[in-house]
Amino acid sequence: MKTSVLIMLFCVLPFSMNAQEVGNDTTATEFKGRFVNDEYKIFVVINLKEKNVVIPNQEILGGLDGYFGSTQTSHAWAITSSKTKGKKATIDVINNYGSEDFTATLSMSENGTLVFQHVKGSTFKFPVKSKWQKMPDKIVFEKQERKW
């Protein structure tokens with residue numbers, strides 16, 4: 001039963017992605033790149049303007065606004081939609097099982113950090129060593145520059 005629901009979700013999800021362009025302004029280009037938080041060993045990969053981020057090993061979802069991942073697990077949280085206004089974005093996020101979701105905001109600070117703030121919905125968490133590691137409601141991410 002769960003498998004059927006997930007297959008249907010993954011089949012419908014790519015068709016809904018194009019409708020999310022409305023409401024984004026030109027500052028969405030600032031919400032692009034890989035940002036890390038070393039304390040919790042998590043990261044976020046985003047491109048809120050082009051919406052072309054592919055989650056590794058979950059290519060069936062197609063291009064998304066981005067995703068949250070952990071260096072300790074392959075579990076991912078997909079950013080399925082976003083709306084930007086100035087230096088703030090509101091995002092909708094769903095886990096890779098499709099069973100939990102939440103809404104959060106991302107704010108770009110003057111110093112280039114990305115501030116995540118949980119707004120409502122499920123608890124943001126990752127499975128680490130057979131236990132759920134719950135994330136705080138507010139997390140600061142540093143931009144990770146490319147290393148050539």
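# Close-up views of a predicted model

**View 1. A salt bridge with both partners buried, E100 and K125.** Both E100 and K125 are buried, and in this predicted model their side chains meet in a salt bridge in which N and O are 3.5 Å apart. E100 belongs to the loop between β5 and β6 (101–108), whereas K125 belongs to strand β8 (residues 125–128), so the pair ties together parts that are 25 residues apart in sequence. As background to this and the two views that follow, side chains of opposite charge can pair when their charged atoms come close.

**View 2. The salt bridge between K51 and D65.** The closest N and O atoms of K51 and D65 are 2.9 Å apart, and the two residues form a salt bridge. Because K51 and D65 both lie in the loop between β2 (42–47) and β3 (66–70), the pair ties together parts of that loop that are 14 residues apart in sequence. Are these two residues buried or exposed? K51 counts as buried at 9% relative accessibility, and D65 likewise counts as buried, at 0%.

**View 3. The salt bridge between E30 and K87.** A search of the whole structure finds three salt bridges, and one of them joins the side chains of E30 and K87, with 3.2 Å from N to O. E30 is found in the loop between α1 (2–17) and β1 (32–37), and K87 in the loop between β4 (73–85) and β5 (88–95), so this pair ties together parts that are 57 residues apart in sequence. E30 counts as partly exposed, with a relative accessibility of 30%, and K87 is also partly exposed, with a relative accessible area of 36%.

**View 4. The surroundings of H75.** H75 lies in strand β4 and counts as buried, with a relative accessibility of 4%. The side chain of H75 makes a polar contact, at 3.0 Å, with the side chain of N96. If residues up to four places away in sequence are set aside, the residues that H75 touches include F68, Y97, F126 and W132.

**View 5. The largest nonpolar core and F116.** Of the 24 residues in the largest nonpolar core, I46, F68, L106, L114, F116, F124 and F141 touch the most other members. At least two residues of this core are supplied by each of β2, β4, β5, β6, β7, β8 and β10 (138–143), and the largest share, four residues, comes from β6. Leaving out residues up to four places away in sequence, F116 touches several residues, among them F68, L106, F124 and F141. A second, separate core has eleven residues, including F43, V45, L64 and Y67. In soluble globular proteins, nonpolar side chains tend to be buried together.

**View 6. Confidence along the predicted chain.** The mean pLDDT of the protein is 85, and 78% of its residues reach 70 or more. Where in the protein is confidence lowest, and where is it highest? Confidence is lowest in α1, at a mean of 49, and highest in strand β7 (residues 114–121), at 98. Over residues 15–26 the pLDDT stays under 50, and for this stretch the model has 19 contacts beyond four places in sequence.

Note on methods: Residues are numbered from 1 along each chain as its sequence is written. This is a predicted model: local features need pLDDT of at least 70, side-chain atom pairs count only at pLDDT 80 or more; totals for chains, interfaces and linings use all residues. Side-chain values use heavy atoms; hydrogens and water are left out. A salt bridge is a side-chain nitrogen of Lys or Arg within 4 Å of a carboxyl oxygen of Asp or Glu. Buried means under 20% relative accessible area, exposed over 50%, partly exposed in between (1.4 Å probe, protein chains only). pLDDT is the predictor's confidence in each residue, from 0 to 100. Contact means heavy atoms within 4.5 Å. A polar contact is a pair of N or O atoms within 3.5 Å; within protein, one must be able to donate a hydrogen and the other to accept it, and residues adjacent in sequence count only if both atoms are side-chain atoms. A nonpolar core is a set of buried Ala, Val, Leu, Ile, Met, Phe, Trp, Tyr and Cys residues joined through side-chain atoms within 4.5 Å.
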